[in-house]
Amino acid sequence: MELDAKIPSGPIDKKWDKHRFDLKLVNPANKRKYTILVVGSGLAGGSAAASLAELGYDVECFCFQDSPRRAHSIAAQGGINAAKNYQNDGDSVYRLFYDTVKGGDFRAREANVYRLSQVSANIIDQCVAQGVPFAREYGGTLANRSFGGAQVSRTFYARGQTGQQLLLGAYSALNRQIGRGKVRMHSRTEMLDLVLVDGHARGLITRDLVTGKIDRWAGDAVVLASGGYGNVFFLSTNAKGSNVTASYRCYKRGAGFANPCFTQIHPTCIPVSGGHQSKLTLMSESLRNDGRVWVPRNKADTTKPPGQVTDRYYYLEERYPSFGNLVPRDVASRAAKKVCDEGYGVGTEVDGVRNAVYLDFEDAIRRDGRKAIEDRYGNLFDMYERITGESPYEVPMRIYPAVHYTMGGLWVDYNLMSNVPGLHVLGEANFSDHGANRLGASALMQGLADGYFVIPYTIGHYLATQHTGEVTTEHPAFGQTQQEVEARITTLVNLQGDVPVDDFHRRLGRIMWDYCGMARNAQGLEHALQEIPALREEFWAKARVPGGSASELNPWLEKAGRVADFLEFAELMCHDALYRDESCGGHFREEHQNAEGEAVRRDDIFAHGAVWEYQGVGQAPKLNKEELSFEHVKLTTRSYK
Ligand SMILES: Cc1cc2nc3c(=O)[nH]c(=O)nc-3n(C[C@H](O)[C@H](O)[C@H](O)COP(=O)(O)OP(=O)(O)OC[C@H]3O[C@@H](n4cnc5c(N)ncnc54)[C@H](O)[C@@H]3O)c2cc1C
């Protein structure tokens with residue numbers, strides 16, 4: 001596998017400008033001759049599809065929901081970062097770049113992160129022009145708040161509904177192009193395979209989820225923006241539909257999968273309350289602007305009502321005085337796990353342990369008044385109260401870390417193209433900018449940067465320089481790929497065992513959480529690598545897919561296909577986690593920690609992206625490396641003290 005990151009030469013702050021000039025252009029009259037297949041219409045795919053159509057390309061866009069408006073992006077709560085420095089508090093493009101590389105524990109590519117910081121400011125202008133109702137100060141200027149891993153306020157937000165409002169903006173832009181006939185939107189349509197012609201990504205095989213019809217689509221390039229794979233853990237804050245199928249099937253066709261084990265565990269989620277749950281709920285990181293995290297200092301107090309506990313251990317403020325409650329997510333999550341493991345957890349006992357800490361607004365309400373807190377977080381407080389029956393205005397929230405985001409994804413170069421020519425990957429589906437830990441409010445920034453400001457330039461270069469001529473769906477590669485897709489569907493729909501598919505998913509999630517979750521070690525990962533193939537075998541022998549037909553709406557069949565892919569993909573994650581014998585960001589290998597329990601990186605061996613190449617189901621994947629060099633942000637031990 002050849003991994004050329006295609007990082008432009010020259011000073012870091014000039015690379016993107018220079019590159020844009022060096023990129024070959026497609027003239028306006030020729031753009032309409034090209035068809036681009038976009039998988040996904042969340043923030044990354046929606047913004048890309050709209051921008052490419054605006055430029056003049058013809059776009060076929062696919063999503064499995066009934067409307068692009070229901071992509072998982074709509075769930076994003078807290079905000080989107082941008083280096084506008086509206087607060088005059090010392091922010092700059094360079095500082096956002098620095099914070100992001102450091103926050104990712106030095107496992108991201110500097111050039112991409114710098115570009116992300118540069119275009120961040122444009123995103124805000126673009127979204128404001130679309131009418132996104134960002135929060136404003138009394139005088140009308142846009143408001144900001146802080147997120148973890150930063151000492152400036154650079155996060156733009158729309159109460160706790162930032163993703164929804166941004167998606168409405170992208171969706172309006174997309175709809176304009178649907179209306180013009182430049183984007184043909186295929187909702188309730190699932191991409192099931194990538195078609196390669198002469199090694200280039202030239203098509204897709206999809207299934208209409210309502211009629212079951214299998215279709216072939218030919219195009220000049222493919223843009224994959226299919227989101228993250230956190231649901232491999234079964235319980236996560238992701239939308240229930242989020243899955244790995246699109247990117248995993250591209251991996252099986254030769255695309256490199258980079259750093260699949262890099263998972264973000266978000267510190268502020270509503271704790272697991274029992275085995276009945278199928279979903280976890282995030283409480284936005286923005287709450288840590290005003291909420292103070294604590295547990296009782298004495299174990300005897302852990303069962304008392306919080307109001308009666310006077311000796312409180314504000315462990316983040318004490319351990320990390322510079323960043324306090326706003327340390328990055330990986331640090332805050334591990335700290336919560338540590339105090340709970342030591343027996344200071346609060347809340348209801350589940351499986352014999354109390355896995356919760358307090359997030360307390362008492363001081364903020366006393367300082368700023370209830371109205372101010374309600375204005376900032378009202379809808380989040382309401383959501384918490386609806387789920388738990390407790391009002392955060394009266395008693396502290398109880399929170400615990402949960403799976404939230406996946407930094408790993410398909411490998412891409414500076415142009416956001418994978419190692420498969422023509423296959424471009426955007427948003428959470430690629431591995432690019434967050435290294436081993438994503439900073440809060442940076443996913444929306446990256447998805448929209450990719451879609452609005454990067455791919456519109458770079459895809460033209462691919463089309464102008466590498467295009468391989470016209471291909472139709474009559475090409476034998478389409479027939480061959482379709483046959484393989486149909487064979488898998490037939491096998492799935494004929495599974496007539498007696499165990500529901502969800503049972504396998506839940507058991508897989510448990511294995512992943514126990515051995516490849518917040519803390520990992522070699523022994524546990526080796527154990528998981530025994531358990532996952534056995535579970536997969538059991539799935540094919542005992543799973544039941546009710547409904548009996550693939551030629552109509554069959555949600556069990558959809559689920560079975562996704563779980564079958566998770567059962568293969570989980571093994572890849574564990575291989576990666578076992579290989580990466582260091583701790584960095586969200587990847588905490590218990591063997592590598594210092595006396596205070598902080599992560600210890602091994603830059604001499606692991607300062608690279610681990611990019612895996614498919615070798616067959618159950619076969620160990622082949623490792624390739626993209627070496628990372630840090631010319632601007634010095635490799636240091638991350639400290640938030
Ligand atoms: C609860 C929650 C809150 C969050 N809050 C924030 C926040 O405040 N700030 C922030 O920066 N980030 C936040 N994030 C992260 C952020 O929301 C996501 O990383 C981001 O929205 C992902 O966007 P995306 O476009 O890459 O993918 P998605 O929004 O997941 O979109 C994926 C698209 O791909 C389509 N798709 C997938 N597979 C297929 C297939 N096989 N065939 C056809 N279509 C397919 C789907 O239909 C969908 O349209 C939050 C995440 C969660 C879970």
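## The ligand shell

α3 (43–55), α6 (162–180), β6, α7 (245–252), β15 (397–406) and α12 (443–466) each contribute at least two residues to the shell around the ligand. Helices here are DSSP runs of H or I with at least four residues, strands are runs of E with at least two, and both are numbered from the N terminus. Altogether, 45 residues surround the ligand, and the closest are Gly40, Gly42, Ser73, Gly227 and Gly427. A residue is near the molecule if its C-beta atom, placed from the backbone, lies within 6 Å of it.

Sorted by class, this shell holds 19 nonpolar, 24 polar and two charged residues. Ala, Val, Leu, Ile, Met, Phe, Trp, Tyr, Cys and Pro count as nonpolar, Asp, Glu, Lys and Arg as charged, and the others, Gly among them, as polar.

## About the model

You are looking at a predicted model, in which local features need pLDDT of at least 70 and side-chain atom pairs count only at pLDDT 80 or more, while totals for chains, interfaces and linings use all residues. Numbering starts from 1 along each chain as its sequence is written.

## The β6-β7-β8 sheet

Let's turn to strand β6 again. β6, β7 and β8 form, in that order, an open sheet of three strands with antiparallel pairing; two strands pair if DSSP finds at least two bridges between them. At the edges are β6 (189–197) and β8 (214–218), each pairing on one side only. From one strand to the next, the twist averages 25°. Axes are lines fitted to C-alpha atoms, for helices over the stretch in contact, and angles run from 0 to 180 degrees between N-to-C directions. Helix α13 (residues 476–493) packs on this sheet and touches β6, β7 and β8, with its direction at about 140° to that of β6.

Eight bridges join β6 to strand β7 (residues 200–208) in the antiparallel sense. Among the partners, threonine 189 bridges to aspartate 208, and methionine 191 to threonine 206. The hairpin of these strands has two residues between them, and aspartate 198 there takes a positive phi near 50°. Eight of the nine residues of β6 are buried, so the rest of the structure largely encloses this strand. Buried means that 20 or more other C-beta atoms lie within 10 Å of a residue's own, exposed means 12 or fewer, and partly exposed is in between, with C-beta atoms placed from the backbone.

## Helix α4

Helix α4 (residues 93–103) is mostly covered, with eight of its 11 residues buried. Among them are Val93, Leu96, Phe97 and Asp99. The buried residues of α4 pack against β3 (80–81) and α5 (110–130). After the helix comes aspartate 105, with a positive phi near 55°.

## Domains and alanine 607

The domain assignment, which is automatic or from a database, lists domain 1 (15–204 + 218–225 + 412–466), domain 2 (265–402) and domain 3 (494–607).

Alanine 607 sits in the loop between α17 (603–606) and β20 (608–613). Is alanine 607 buried or partly exposed? Alanine 607 is partly exposed, because 18 other C-beta atoms lie within 10 Å. Setting aside neighbours within four places in sequence, alanine 607 is in contact with Phe106 and Leu628.

Definitions and conventions: Contact = placed C-beta atoms within 7 Å.
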